Amino acid sequence: GELWRQVTVGLARTACTVNRRAAAEALRAEELAERLRARESEGERREELCAKTKSCSSSTCAVLVSPQVPKDPAQRRVRELAMLSKKLQQVHPNVLAKILKQEILYQNEEVVVINKPYGLPVHGGPGIKNCIADVLPILAKMLENMKAKPLHLCHRLDKETTGVMVLARSKETMERVQLLFKTRQVEKIYWAISLGKPDPAEGIVEIPIVEKEVQSHQSHYKMTLAPNYCLSPEDGKVMKIRKNRGAEIAVTRYHCLASSSACSLLELQPITGVKHQIRVHLAYGLGCPILGDHKYSHWSKLAPQKLPEITLRRLKLEQSKARYLPLHLHAYRLSLPLGEWINLVCKPPLFFQKTLKKLELDVA
């Protein structure tokens, strides 16, 4: 009888434990379901916000929204653009190809011209999952059919540069367009917002450019000027310097369209096509670095751009947040003689237009 009583008590205890566990599991399951529902509703709210918010371009809107959206509109815009490059690396290649398809400005039987989004690299490299070159086969199939040959890159733009970019439908067309670029038959016009105003307000910068290693606490490489002349330390006369073998001829025409708030809107025409040419000529040649160009705003260090007080005030930005400020360089217009002259104009992205408005850089 005693043994039976012990067995009964043991079974009751076991049943009680099982019931408690089951109840706990049910509670945990309910909590998990609640969390999932909350996450889904948050995702829906985010999608609604994304639909309402026109970001730097309509098609990149879906990859812009950050988890915690700052209340201040200027800081929100800065945060969104800082996140853009990272988000574009996370999307599926098919999604990226679809974004590029929505950004087509012009196409015929030979070329496809796109508006390159901000923060998207043209070529692959270390740490780069998505780039334009890798999704060109997918884009070609979306435009024509599943048997379409991949599109070809005719030239490149920096990762942070936006605007007109030409793709060729065949290798032969690519070679023709590249020859037009090489023989300087393509007219390229860029818009940039710079810190300061160049003096004189228009002119030509013709200073060779070379790549050099910067010796600092964080050694890195930068393009820099390699001038052919300098001032003699003895008498201050102009003297010719021995030519740097690695330097490339670089020529940039510039014209100031508007100035305000310690900044300027510049129209630029690179006659040559050296890497980072516009950025180097503006920063080191004219002393007017491009707004958001943290790489070329200093020589000896990698640090966020230091902005004048009036610029920070107009942008409603704190200096501590200046590191998120995007590069304001846009490939505005491109003309090339391909059978007939093709003239293409691409409006600056919305973040660029908003900066112009905030800085009161009025241009017709």
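Biologist: This is a predicted model. Which residue forms a salt bridge with Asp-293?
Modeller: Side chains of opposite charge can pair when their charged atoms come close. For Asp-293, the closest N and O atoms of the salt bridge are 2.9 Å apart. The partner of Asp-293 is Arg-279.

Biologist: How many residues apart in sequence are the parts that this pair ties together?
Modeller: Arg-279 lies in helix H6, whereas Asp-293 lies in the loop between helix H6 and helix H7. The pair therefore ties together parts whose separation in sequence is 14 residues.

Biologist: Is Asp-293 buried or exposed?
Modeller: A residue counts as buried under 20% relative accessible area. Asp-293 has a relative accessibility of 1%, so Asp-293 is buried.

Biologist: Where does Glu-360, the salt-bridge partner of Arg-314, lie?
Modeller: The closest N and O atoms of Arg-314 and Glu-360 are 3.7 Å apart. Arg-314 is in helix H7, and the pair ties together parts that are 46 residues apart in sequence. Glu-360 lies in the segment after helix H8.

Biologist: Which strand holds Val-238, a residue of the nonpolar surface patch?
Modeller: Tyr-229, Leu-231 and Val-238 make this patch of about 350 Å². Val-238 is exposed, at 61% relative accessible area. Its strand covers residues 238-240 and is E10.

Methods. Residues are numbered from 1 along each chain as its sequence is written. This is a predicted model: local features need pLDDT of at least 70, side-chain atom pairs count only at pLDDT 80 or more; totals for chains, interfaces and linings use all residues. Side-chain values use heavy atoms; hydrogens and water are left out. Patches are made of residues with over 30% relative accessible area and no salt bridge: like charges are joined within 9 Å, nonpolar side chains (Val, Leu, Ile, Met, Phe, Trp, Tyr) within 5 Å. Accessible areas come from the Shrake-Rupley method with a 1.4 Å probe; for residues, only the protein chains shown count as cover. A salt bridge is a side-chain nitrogen of Lys or Arg within 4 Å of a carboxyl oxygen of Asp or Glu. Helices (H or I, at least four residues) and strands (E, at least two) are DSSP runs, numbered from the N terminus. Buried means under 20% relative accessible area, exposed over 50%, partly exposed in between (1.4 Å probe, protein chains only).
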